[in-house]
Amino acid sequence: MLEFLFADSMPTAAWILHLVGLAISVLLVVYVIGLAGRKHYLPTVWGVSCAAILLIVNLGLSSLLPTPAPDSSLRATGIIWYDAAFRADVGLAVLILAIVIGIVWSLNALYRPADRAWQTEITNRAVYVRTAITALFALLPPLIWGWGMVMWSTWTLPFLGGLALATLAGGIAFYTEGSWRWSLLLVLAVIVFIVQSQVNVRLNDSAESMFDPIGAVPVTIPLIPVVLGALLVSVFRTGLASRAFAGLNVRVGAILWLLVLAGFVIRFTGHYDHEGSYGFYAGALLELPLRLFLDIVSLRYYDFIPRELVADANFTSIYNWNAFIINLLTVGSGLLFASSLHRKPARLTRPHGLHLTLQQRRYVLAFVLIAPALLLRLFTTLYPFAQTSLLSLQRYNPAFPPQEYIGLQNFTRLANNLVVRESLEFTLMFVFVSTLFQVILGLAVAHLLNARFALRDVGRTISLIPWAIPMVVAAIGFRWMFDDDFGMIPDLIARLTGLQTSWLVNPDNAKAAVVGVNIWKSTPFVALIFLAGLQGISEDLYEAAKVDGSTAWHAFWHITLPMLMPIIVSTTMYMLVWQLAIFDLTFAMTGGGPGFATTLFAQKIYVEINSLNYSFAAALSMVLVFVVSFIGITGLYIFRRVEVSA
């Protein structure tokens, strides 16, 4: 059936799909009219409504999908939709998503407790079936991993090493309790991290850092079995105590399949994609269950819908795909509308007019007034984001046409690019170290400015001067101050310590200088926010604590810090997200050098755009969006869990 519908030699397939969709739409309208009549609704109103919905959805989708005709003015969505590989990959992604949803729905149905109305025998059988199927779900990854070890002996060493670490961590989690458990697990993780980083450096003398992949093991891989062992022991303890074996199987299976996804990410990123590297073998072994599944599905799927088509046949394929999507979503919307009849048992009467309360009218008026600004904001945010997402899946450089869909090749190239990895590593270090010192120093400065002393207002004004200076001006000024020949800072250090230090030509010193300037520049802003929070804390709390005999440290720890915690969390998240997009500091101060040592991620995006590598810059932007979103979601989660006791 699929081969017939999507075959390029069948130009009538689109017409057949249109006729099938039209026939089903007519049947839906007739069904809605008949069902409405049996339920004493208004058949005419329901029938006209259903037909109108089907017509609007059909016309709307027809106008949104690109017209299958060569046109150089097509937007990015139309350009990549012309590519047969993109259409085939979209279909495969939808198919895999449907399979995943089906598996999750099935597991949820199996894990759901049995209905009390069932007979005991049927209930017991249902429990046995759920337990057996969920056990298969949990045992499938270990079985495939064992098969992979038998087939490829090179995977034996990383598997045994990971098993030993998981067993050690599991033993610690099983035989210890409370703070001892977490302390020993933390010590084990730190030891593993230090040992692996030192081994990496010794394996490769030319490695620039412990994260250098050549011939080494990623420092994060040995930490995975440590976490895995502790998690499995905790899950087994809970599941065996409650004797809920189906739930235990689901939880264990979820952990193991997350490990499969971790292996897929490790190997897909390409950081350690070197034959002979333990990281390569460990990632390949972990991702084996997912790889087998995807290969089986994709090979059979691409037999029906090939990724490579001749240019003339693409138009027929576009017609077929457009007809399929339009009719599928049109019929789906009709079915959704028809199913709403079953969820409304109440009798539908003829409306006698729309009556709204005063509060409801105010809500409607507020929505009408804010709708234009909301729609404009959504358009200026979502549309560029969608275009950037689509551009990241293409190869587009105006100097080297044509524009074509290449899937995830930009992200693979990104993962294998040493400059990108180094800039991402420096960006994360730059952001987290800067934010840490900004929060600590900002809290100290805020306490100092909140104290009562002479010329306090003058001190508050002076403290804001670094923040008021434009970033580019500060960067150029510090570039001269750090100059090795006539800079003030190297000369001062030489006079005080007698050491001659090179700053902006030494990679490590240049990183420290950039981070120091950023801390100096943004700490006053953080201090100003914290000062506003401190002034909102009642002095009565401190007076009561002083009467009770509390010291200044106890007052800070039990009054100031809890009351300021929401402000600290929100300010920290803001500084993290804001500083991820910093560009002007390193651009004006070091130019990203020496080499690429101080190149920030946003600066790398700018360089790629200047080089007309628009698609690669779009892929870099998507990575930055992912990092910012992760930090923002984490911040919102932490902020919601912060409670202030007055």
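This is a predicted model: local features need pLDDT of at least 70, side-chain atom pairs count only at pLDDT 80 or more; totals for chains, interfaces and linings use all residues.

Visitor: Why is Q438 called buried?

Guide: Its relative accessibility is 0%, and buried means under 20%. The value falls under that cut-off, so Q438 counts as buried.

Visitor: Which residues is Q438 in contact with, leaving aside neighbours within four places in sequence?

Guide: Those are N518, I519, S522, T523, V526, M575 and Q579. Contact here means heavy atoms within 4.5 Å.

Visitor: On to L455, in the loop between α16 and α17. What makes L455 exposed?

Guide: L455 has 66% relative accessibility, and exposed means over 50%. That's over the line, so L455 counts as exposed. Its backbone deserves a look too: phi is near 60°, a positive value in a residue other than glycine.

Visitor: And why does L612 get called partly exposed?

Guide: L612 comes in at 31% relative accessibility. Buried would need under 20% and exposed over 50%; 31% lies in between, so L612 is partly exposed. You'll find L612 in the loop between α25 and α26 (614-641). Its phi is positive as well, about 65°, although L612 is not a glycine.

Visitor: How do you know that the peptide bond from G593 to P594 is cis or trans?

Guide: Check omega: it is near 0° for that bond, and the bond is cis. P594 itself has its place in the loop between α24 (584-589) and α25 (601-610).

Note on methods. Residues are numbered from 1 along each chain as its sequence is written. Side-chain values use heavy atoms; hydrogens and water are left out. Buried means under 20% relative accessible area, exposed over 50%, partly exposed in between (1.4 Å probe, protein chains only). Helices (H or I, at least four residues) and strands (E, at least two) are DSSP runs, numbered from the N terminus.
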